[in-house]
Amino acid sequence: MTAPSKEPWCVKVDTSLCMGSGMCEGIAPGYFQLVDNRAQPTRPRVGQNDLVLEASESCPAEAILVRDERTGTVIAPREH
Ligand code: SF4
């Protein structure tokens, strides 16, 4: 049996959707950065984190996908 990962969330930004608003960087500094006017996660995996969740939920383009890599479940954005 493997120990549960301490960083179970996988964070991706769909750059074809991102509008470069920079909101995610403002909400979750240190977790996102703008490169060539498109956001990138600074780390592909994070521990459970409210700021990352909030950034995903607040993204006007719904470009930030947060998934539990153990189960594949989409954590955010939630269906509205
Ligand atoms: S909040 Fe969404 S649209 Fe704005 S920079 Fe971040 S990923 Fe791109």
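What you're looking at is a predicted model, where local features need pLDDT of at least 70, side-chain atom pairs count only at pLDDT 80 or more, and totals for chains, interfaces and linings use all residues. Residues are numbered from 1 along each chain as its sequence is written.

Let's begin at the ligand. Around it sit 15 residues, and C18, S21, C24, A39 and C59 come nearest (a residue is near a molecule if its C-beta atom, placed from the backbone, lies within 6 Å of it). Sort this shell by class and you get 12 nonpolar residues, three polar and no charged ones. Here Ala, Val, Leu, Ile, Met, Phe, Trp, Tyr, Cys and Pro count as nonpolar, Asp, Glu, Lys and Arg as charged, and the others, Gly among them, as polar.

A39 also belongs to strand β3, residues 38-41, on its covered face with P41, while R38 and Q40 are on the uncovered one. In a regular strand the side chains alternate between the two faces of the sheet. Strands are DSSP runs of E with at least two residues, and helices are runs of H or I with at least four, numbered from the N terminus.

β3 runs antiparallel to β2 (residues 32-35), joined by four bridges; strands pair if DSSP finds at least two bridges between them.

Finally, find E54 in helix α2, residues 50-58. Its C-alpha atom is 8.4 Å from that of C24, although they're 30 residues apart along the chain.

Definitions and conventions:
Buried ≥ 20, exposed ≤ 12 C-beta atoms within 10 Å, placed from the backbone.
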